[in-house]
Amino acid sequence: MSYSGLKHSITQYLEEIPSQVQTRLYKSPATCLAIYRLLPPLAKFFIMTSIFNDKDISLRDLDRWVRSNGKTQFQDAIKSMKSLHLLIPTRENGQLLINLNPTFRISFRNALTGGEVNNSFGVVIEEDKSDSVVTLPILDEYAATKWETILHFMVGTPLAKIPSENVLNLLKHSKLMEEVPNSAEFMITNEGFQFLLQEVNSQIWALLLQYLKLAETLHMDPVDVLNFIFMLGALEVGKAYSTEDLSNTQKKMLNDMRDYGLVFQKTSNPNIFYPTKLAQMLTSDTKSIRTASTAMDSVLSKADDTAAVTADSNEDDLDTKNENIQDGALIIETNFKLYSYCNSPLQIAILSLFVHLKTRFANMVSGQITRESIRRALVNGITAEQIIAYLESHAHPQMRRLAEEKLEKKLELDPNCKDPLQVLPPTVVDQIKLWQLELDRVMTYEGSLYTDFDNSQDFNMLCKYAQDIGALLWKDDRKRKLFVSREDNSQVLEYAKRKIKKKED
């Protein structure tokens with residue numbers, strides 16, 4: 001899931017809840033601030049221009065603020081605000097007027113000016129000096145350990161401690177993992193493999209969206225659940241917050257959020273909690289968070305965690321002397337050989353999903369992208385686009401620099417050149433796509449084949465019925481043959497017996 005896809009999923013969930021629930025949500029300034037961050041840029045502009053204006057605004061006037069080439073973005077912005085009931089349309093003298101939802105306006109205004117926020121942004125308390133002090137490194141290590149335990153469990157790494165029962169239930173409910181029949185073990189699904197290659201903020205929200213759906217079945221108040229999630233994203237990391245003003249639902253959620261690494265609590269004092277940097281990512285606008293373990297490192301690492309690595313390659317003319325290399329940075333050669341500067345077991349395990357690893361050193365692993373390794377990944381549900389995006393996001397800085405230099409030279413020779421920036425070798429990218437096409441060449445379906453129709457009328461009648469219910473997979477009008485899915489075969493067969501036999505009678 002890309003960053004834009006992530007925001008679309010959250011917004012789509014908010015659009016689907018009833019308008020009454022939306023209005024209750026807008027009573028929380030922290031929630032209004034978080035929803036504002038999810039809106040398209042043009043929608044943000046419209047809100048900021050009208051947040052302190054109580055008068056109705058003509059839709060025609062808003063349209064005049066947008067250039068002719070931005071009409072599509074204008075329509076998307078208006079549509080997104082209407083679907084969330086942020087805009088209240090009215091008509092006066094035949095003219096369409098709009099205004100902000102009054103509940104949203106008051107709450108968002110308070111969020112911006114520091115007005116009556118009603119503890120929406122939490123209640124900061126002073127820590128007891130006699131107790132152990134919770135520092136940022138402690139929070140970072142706790143969050144990384146909790147989250148990577150989940151990812152390690154999904155990959156299948158042997159663990160001394162498995163995730164909690166609540167986490168396992170959520171992984172099963174979200175269909176990222178499934179229980180092995182007649183066994184207590186869990187097995188990763190195709191959706192789970194795709195989940196592993198997503199950005200960390202996408203992974204967190206993917207689980208939280210499933211948590212929201214699971215909360216509905218447990219009859220938890222969706223407003224309390226959403227308000228608490230959005231509040232966590234607005235809290236300051238390193239500060240201690242009181243649990244006294246939380247609702248019963250939110251206090252129950254603390255246990256779950258603790259299992260995901262979003263909050264930390266001392267066993268000696270359960271009345272306070274500390275948000276981690278993972279919680280901060282819930283409402284972050286950053287788009288540069290990297291994938292899996294390296295994404296975690298980029299968020300949680302300290303400034304001195306990166307090491308200066310000196311390398312010299314005569315073949316590729318790579319000179320990275322005195323250059324800081326982020327954990328997970330990789331180099332791909334045109335012969336499909338891959339070198340990754342990482343020592344994280346999780347990073348190596350995820351890399352092995354589509355790379356045939358051969359050698360492991362203290363701070364580097366090497367391997368090769370092969371037809372078998374890519375096919376294995378494709379069978380597990382990982383797409384060629386996801387593999388390519390992963391490789392691009394983890395490309396060594398020198399590879400990116402060389403690609404920029406090549407593109408600059410092309411532009412010097414041809415200013416009208418429209419070639420995109422090619423960080424990865426084109427041969428590698430094209431071959432990965434070809435291997436996917438090769439696998440997609442033949443597709444198998446389970447079902448039933450219908451033949452030997454007495455006349456075209458019976459054949460066409462059954463074809464139309466199968467097509468109407470979505471059961472028709474293939475047909476041949478000339479030979480009077482059709483193929484229907486296994487799931488709907490009984491329904492088609494019953495229809496055929498009833499209609500065709502009735503005609504014969």
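## Salt bridges and surface patches

The side chains of lysine 464 and aspartate 468 meet in a salt bridge, 3.1 Å from N to O. Both residues sit in helix α21 (residues 456-468), four residues apart, about one turn of the helix. Both lysine 464 and aspartate 468 are exposed. Elsewhere, salt bridges that share partners join Asp54, Arg105 and Arg109 into one network. This is a predicted model. The structure holds 13 salt bridges.

Three of the pairs, including the one above, are listed here.

| Pair | N to O distance |
|---|---|
| Lysine 464 and aspartate 468 | 3.1 Å |
| Aspartate 61 and arginine 64 | 3.3 Å |
| Aspartate 63 and lysine 71 | 3.0 Å |

Aspartate 61 and arginine 64 both belong to helix α5 (residues 59-64) and lie three residues apart. An α-helix has 3.6 residues a turn, so residues three or four places apart point the same way. Aspartate 61 is partly exposed, at 30% relative accessibility. Arginine 64 is exposed, at 60%.

Glu404, Glu405, Glu408 and Glu412 form a negative one. Glutamate 405 lies in helix α19 (residues 397-413) and is partly exposed, with a relative accessible area of 38%. A nonpolar patch consists of Tyr445, Leu449, Leu473 and Trp474, with about 430 Å² of accessible area together. Leucine 449 is in strand β17 (residues 447-450).

Helix α8 (residues 136-155) has 20 residues. From first C-alpha to last, α8 reaches 28 Å, close to the 28 Å expected. Glycine 156 follows α8, with a positive phi near 105 degrees.

Note on methods
Residues are numbered from 1 along each chain as its sequence is written. This is a predicted model: local features need pLDDT of at least 70, side-chain atom pairs count only at pLDDT 80 or more; totals for chains, interfaces and linings use all residues. Side-chain values use heavy atoms; hydrogens and water are left out. Patches are made of residues with over 30% relative accessible area and no salt bridge: like charges are joined within 9 Å, nonpolar side chains (Val, Leu, Ile, Met, Phe, Trp, Tyr) within 5 Å. Accessible areas come from the Shrake-Rupley method with a 1.4 Å probe; for residues, only the protein chains shown count as cover. A salt bridge is a side-chain nitrogen of Lys or Arg within 4 Å of a carboxyl oxygen of Asp or Glu. Lys and Arg count as positive and Asp and Glu as negative; His and the chain ends are not counted. The place of a charge is taken as NZ of Lys, CZ of Arg, CG of Asp or CD of Glu. Helices (H or I, at least four residues) and strands (E, at least two) are DSSP runs, numbered from the N terminus. Buried means under 20% relative accessible area, exposed over 50%, partly exposed in between (1.4 Å probe, protein chains only). The expected span of a helix is 1.5 Å times one less than its number of residues.
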